[in-house]
Amino acid sequence: TLLGKGVSMEEGMRAARHECILYLDGDLEGLQPNCIDLMVTPLLTGEAEFVKARFTRRAGRVTVLTAKPLLRTYFPELAHLEQPLSGIMAARKSLLEELIFENDYGVDVALLIDAHSCGARIVEVDVGHVEHSSQSLEALGEMATQVARSILERAARAGRLRSSFVREVKERERLRHSELPHLLSRVPSSDRLALF
């Protein structure tokens with residue numbers, strides 16, 4: 001990865017001889033033995049063209065504080081994904097050949113957004129609990145900058161940086177938060193509830 005993560009990912013994809021490609025970050029610990037099967041099965045069954053891993057972990061500050069808020073604002077249709085920055089992903093080579101590989105930490109979310117923009121079917125697969133190597137706050141700040149750049153660049157390309165688009169998303173979110181199921185999920189458990 002001396003040339004950068006995105007360059008390494010793209011070179012690996014171009015050299016691959018098979019249609020299903022799986023990426024795994026190099027600093028992962030605790031992967032389940034069946035992780036590869038879990039990730040490629042949706043590709044093999046035709047359920048999806050792009051698969052992201054969903055997992056629990058201790059950290060994830062860039063995901064929570066940068067990626068998810070920006071996706072909720074500019075790509076709300078992808079906001080349900082728990083791990084948009086996951087470096088554990090699988091995709092069809094034919095799809096990846098059409099996408100742009102950023103050469104920094106924005107590559108994972110950029111591929112996700114670009115795959116969505118191409119109309120690819122995307123699924124998230126639970127792979128259990130995973131640990132990554134810890135990063136310094138300074139390194140996390142640089143990661144967050146690169147992730148934000150990738151998301152905002154794609155939002156601009158899609159014409160979504162307009163204030164009217166942001167207002168529409170805010171209104172949809174406000175309405176969703178005022179629905180009864182959402183309100184009930186925020187109320188502590190009790191035997192009785194009075195609604196006015």
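Me: Why is C20 called partly exposed in this predicted model?
Reply: C20 has a relative accessibility of 26%. Buried needs under 20% and exposed needs over 50%, with partly exposed in between. So C20, at 26%, counts as partly exposed.

Me: And what makes C35 buried?
Reply: Its relative accessibility is 3%. The cut-off for buried is under 20%, so C35 at 3% counts as buried.

Me: How many disulfides does the structure hold?
Reply: The count is 0. A disulfide needs a pair of cysteine sulfur atoms within 2.5 Å.

Me: Okay, over to E49. Why is E49 called buried?
Reply: E49 has a relative accessible area of 18%. You'll find E49 in the loop between α2 and β3 (50-56).

Me: Which residues does E49 touch, leaving out those up to four places away in sequence?
Reply: Among them are L43, A90, L95 and A120. R121 is on the list too, and the side chains of E49 and R121 are joined by a polar contact of 2.4 Å.

Me: How do you know that L31 is partly exposed?
Reply: The relative accessible area of L31 is 32%. L31 sits in the loop between β2 (28-29) and α2 (35-44).

Me: What kind of patch does L31 form with L24 and I36?
Reply: A nonpolar one, on the surface. Together, L24, L31 and I36 have about 230 Å² of accessible area.

Notes: Residues numbered from 1 in each chain as written. Predicted model: local features only at pLDDT ≥ 70, side-chain atom pairs only at ≥ 80, totals over all residues. Heavy atoms only, no water. Patch = residues over 30% accessible without salt bridge, like charges linked within 9 Å, V, L, I, M, F, W, Y side chains within 5 Å. Areas by Shrake-Rupley, 256 points an atom, 1.4 Å probe, with all protein chains shown as cover. Salt bridge = Lys/Arg side-chain N within 4 Å of Asp/Glu carboxyl O. Helix = DSSP H or I, 4+ residues; strand = E, 2+ residues; numbered from the N terminus. Buried < 20%, exposed > 50% of the residue type's maximum accessible area, 1.4 Å probe, protein only. Polar contact = N/O pair within 3.5 Å; in protein donor to acceptor, adjacent residues only side chain to side chain. Contact = heavy atoms within 4.5 Å.
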